[in-house]
Amino acid sequence: MSATMKNMELILADLLFPDQLMEGDMIKSPDQEIVTIKSITSTDIGFTIEAINDLDELVEFHLTDDDMVSWYVYSTDND
């Protein structure tokens, strides 16, 4: 029985507006940190995002309707 290990690489998939984001998405925060969205709340001036960073800390930031957000996904290396 052979074991196969696949390399997973985090890649920039697209640029999205905040209203296109979902819980569980990986994005770059305004602090330039890759985070996983825990919750998105619509406000009068945009959106409040609660997310988890690499250190498993809860971070919160605000985005306006016109902000563009880098959206990341994992890709497998098929080499």
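## Contacts around Ala 51

Contact here means heavy atoms within 4.5 Å. The model is predicted. Setting aside residues up to four places away in sequence, Ala 51 touches Val 35, Thr 36, Ile 37, Lys 38, Glu 57, Leu 58, Val 59 and Phe 61.

## Overall fold

The protein has six strands and zero helices. Along the sequence the pattern reads β-β-β-β-β-β. Of the contacts with a separation of 6 or more, 48% join residues 24 or more positions apart.

The protein has 79 residues, and 28% of them are buried. Its accessible surface comes to about 5,800 Å². Carbon and sulfur atoms account for 49% of that surface.

S4 is largely enclosed by the rest of the structure, because five of its seven residues are buried.

Thr 43 stands opposite Gly 46 of S4.

Thr 48 has His 62 of S5 as its bridge partner.

## The nonpolar core

The largest nonpolar core holds twelve residues. Its members are Leu 16, Leu 21, Ile 27, Val 35, Ile 37, Phe 47, Ile 49, Ala 51, Val 59, Phe 61, Leu 63 and Val 69. Three strands each supply at least two residues of this core: S3 (34–43), S4 (46–52) and S5 (58–63). Ala 51 is a core member, and its contacts include the core residues Val 35, Ile 37, Val 59 and Phe 61.

## Ser 39

Ser 39 lies in strand S3. Its relative accessible area is 18%, so Ser 39 is buried; the cut-off for buried is under 20%. Beyond its neighbours within four places in sequence, Ser 39 is in contact with Glu 23, Thr 48, Ile 49 and Glu 50. Among these, Ile 49 belongs to the largest nonpolar core, and Thr 48 is the residue bridged to His 62.

## A nonpolar surface patch

Leu 12, Leu 15, Phe 17 and Met 68 form a nonpolar patch on the surface. Together they have about 370 Å² of accessible area.

Leu 15 lies in strand S1, which spans residues 7–16. Its relative accessibility is 44%, so Leu 15 counts as partly exposed. Leu 16, by contrast, is a member of the largest nonpolar core.

Methods. Residues are numbered from 1 along each chain as its sequence is written. This is a predicted model: local features need pLDDT of at least 70, side-chain atom pairs count only at pLDDT 80 or more; totals for chains, interfaces and linings use all residues. Side-chain values use heavy atoms; hydrogens and water are left out. Patches are made of residues with over 30% relative accessible area and no salt bridge: like charges are joined within 9 Å, nonpolar side chains (Val, Leu, Ile, Met, Phe, Trp, Tyr) within 5 Å. Accessible areas come from the Shrake-Rupley method with a 1.4 Å probe; for residues, only the protein chains shown count as cover. A salt bridge is a side-chain nitrogen of Lys or Arg within 4 Å of a carboxyl oxygen of Asp or Glu. Helices (H or I, at least four residues) and strands (E, at least two) are DSSP runs, numbered from the N terminus. Buried means under 20% relative accessible area, exposed over 50%, partly exposed in between (1.4 Å probe, protein chains only). A nonpolar core is a set of buried Ala, Val, Leu, Ile, Met, Phe, Trp, Tyr and Cys residues joined through side-chain atoms within 4.5 Å. Two strands pair if DSSP finds at least two bridges between them.
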